[in-house]
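I opened this notebook to keep a record of what I looked up in the model. The entries follow the order in which I took up each topic.

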Amino acid sequence: MSADSMVLLRRNVKHTVRNPVAVFNAVLFPVVLMVMFVYVLGGAFSVGERYIDYATPGMILMGISYGLSATALSVNTDMTKGIINRLRVMDVSRGAVLTGHVVVTVLRSLLAIGAIVGVAFALGFRPAAGLVDWLGVAGLVLAVGIALSWLTVALGLAAKSAETAGMLTVPLVMLPFLSSAVVPAEKMGPGVRQFAEYQPFTPIIETLRGLLAGTPSTGTALAALAWCVGIGLVGYVWALTTFRRRA
Amino acid sequence: MSDGAPNLVDVSTSAIAVSGLRKSFGDKKVLDGIDLDVPEGTIFSLLGPNGAGKTTTVNVLTTLTRADAGTVRVAGHDVTTDTRAVRAAIGVTGQFAAVDEMLTGRENLQLMADLRHVGGAAGRRLVTSLLDRFDLADAAGKPASTYSGGMRRKLDLAMTLVGDPRIIFLDEPTTGLDPRSRRTMWDIVRTLVADGVTIFLTTQYLDEADQLADRVAVLDRGRLVAEGTPADLKRRIPGSHVELRFADLADLDTAARVLPGAVRDDGDLTLRVPDAGGSAALRGLLDRLDEHSISAEEFAVRTPDLDDVFLALTGHPNAEVVAR
């Protein structure tokens, strides 16, 4: 990373440290869901394995998606308050400005995921994953984090106001619920089931689930990676063109 | 830091030279053929209402927006072909204070110093001196979100000065400020010019242009409708006057007879008397009314504002509806 990227990353880290609500939200919600499903609704779901083991991969993904609205808001504030114009006039590269936001989003989500996995273990999560599987989990989480961060940065840049920016990330927060995160897709009603099977979060969660169970499947893993590359590229190109166009 | 050395190829002393500048957004013409020349070390003010095209002009001149046609040279460099050189020479303070609210005043300035590559002790010294100069030292450790509007503008301008730009663009620097903060901003702008900096300032306030600018251009619906010194401009607009409203036509008749040079409006029962200025002239006017035993129902002293300038220069009232 360039010197400017480091300067701007430091700035974004300060923002997170001074307003830790984003990390807190990203940890709290998946943990509450997990506790509720494991202890309250408990045996009502028959997913073919212990529920905590089934749910944790989805909660890991929610650790990413619940942190995104903060990024959209902060990128949008930079745009609407004139910070981005100030940086453009100073000849700070768009790469440095946007990379700072992406890196801090990924760091925040890793923090949230660390906490979520910790709580999962405390609740009885017992993955069968070996070291290589865990590395696979880390790699995929990183890829999803980077891809969704670029998409969120683009949404934040494109939104006309902070309210819109917040709204635009809602689908990213809702999508895990319409995937195999909480219950298997085949248990859903017609229509929803097909949607759940073919949307990006399902192969991503299934890949995480496979890796954590120690039984990774190459097919879903490739689909998951393809979605990450696709989402990431769209977000990246969209973010860069919006950055250049909007003054 | 930029040393502000003059461009050796460009022998003219224009800090900003604009010719035939045009810009449309969709089918909306925002700038329709602007020509400007701002000599080095002067304050130039672009005066106009909301939506006249002031911010678009600033955006084009500061490399943020690309013009559709025309040439723009800033600090001797073309804004489209030599963007980097232009950016190295200018500082911009936008219409809304672009400060990072989550950071303290000191951190905001340090951020600019880091991005301008004024590192280490030199950077810290620069930050401290700017905080002192702008009277922000006491609030330096507080987040900018706690600052008043005036303090934010000062911090914004201080951030712009990091890197020592030779040409500074100020887009409506005092809009929304209380009178005392406006005065402070004006004083700061004057000291900048005393150091040889060129200032391009946009404003909606006639008195601001009058107070600060060496030259003023009036922008209306994307065209310059007048340009000159503030004195030139004021000669072209109606001076201040006293407006009197009477109870009936008889009083209006009498008053119009005894006050030569007054303009009457029978429909409104008002009389506009050119103001000779000062309290003695005003007393004279009131005494004359008294001598003839007439009294005005309403009485107002009106000084020309931007609306009058617009009416005088364009023949139509200040239209707020034209898009930016």
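Helices (H or I, at least four residues) and strands (E, at least two) are taken here as DSSP runs, numbered from the N terminus. I began with Ala226(A), which I found in helix 12 (residues 218–245) of chain A.

**Conventions.** I work throughout with a predicted model, in which local features need pLDDT of at least 70 and side-chain atom pairs count only at pLDDT 80 or more, while totals for chains, interfaces and linings use all residues. Residues are numbered from 1 along each chain as its sequence is written, and chains are lettered from A and ligands numbered from 1 in the order in which they are written.

**Ala226(A).** I took a residue as buried if 20 or more other C-beta atoms lie within 10 Å of its own, exposed if 12 or fewer, and partly exposed in between, with C-beta atoms placed from the backbone. Ala226(A) counts as exposed because it has 12 C-beta neighbours inside 10 Å.

**Helix 3 against helix 11, chain A.** For axes I used lines fitted to C-alpha atoms, for helices over the stretch in contact, with angles running from 0 to 180 degrees between N-to-C directions. The axes of helix 3 (residues 51–65) and helix 11 (residues 201–212) of chain A come within 8 Å and cross at roughly 125 degrees. Angles under 35 degrees count as roughly parallel, over 145 as roughly antiparallel, 65 to 115 as roughly perpendicular and the rest as oblique; helix 3 and helix 11 of chain A are therefore oblique to each other. I noted their crossing as right-handed, where a crossing is left-handed if the near helix is turned anticlockwise from the far one by less than a right angle, and right-handed if clockwise.

**Helix 3 against helix 6, chain A.** Helix 3 of chain A also packs with helix 6 (residues 94–122) of chain A at an angle of about 160 degrees, their axes being 8 Å apart. That makes helix 3 roughly antiparallel to helix 6 of chain A, and I recorded this crossing too as right-handed. On the helix 3 side I found Ile52(A), Thr56(A), Met59(A), Ile60(A), Gly63(A) and Ile64(A), meeting Ser109(A), Ala112(A), Ile113(A), Ile116(A), Val117(A) and Ala120(A) of helix 6. The classes in this contact of helix 3 with helix 6 are nine nonpolar, three polar and no charged residues.

**Chain B.** I counted 11 helices and 14 strands in chain B, and buried residues make up 41% of its 324 residues. Asp164(B), in the loop between helix 5 (149–161) and strand 7 (167–171) of chain B, has a positive phi near 55 degrees although it is not glycine, and it is partly exposed, with 16 other C-beta atoms within 10 Å.

**Between the chains.** I found 20 residues of chain B in contact with 18 residues of chain A. Helix 2 (83–89), strand 6 (90–93) and helix 3 of chain B are the elements giving two or more residues to the side that touches chain A.

**Confidence.** For pLDDT, the predictor's confidence in each residue from 0 to 100, I noted a mean of 89 in chain A, with 97% of its residues at 70 or more, and a mean of 85 in chain B, with 91% at 70 or more. The predictor gives the complex an ipTM of 0.85 and a pTM of 0.80.

Terms used:
Two residues are in contact if their C-beta atoms, placed from the backbone, lie within 7 Å. Ala, Val, Leu, Ile, Met, Phe, Trp, Tyr, Cys and Pro count as nonpolar, Asp, Glu, Lys and Arg as charged, and the others, Gly among them, as polar.
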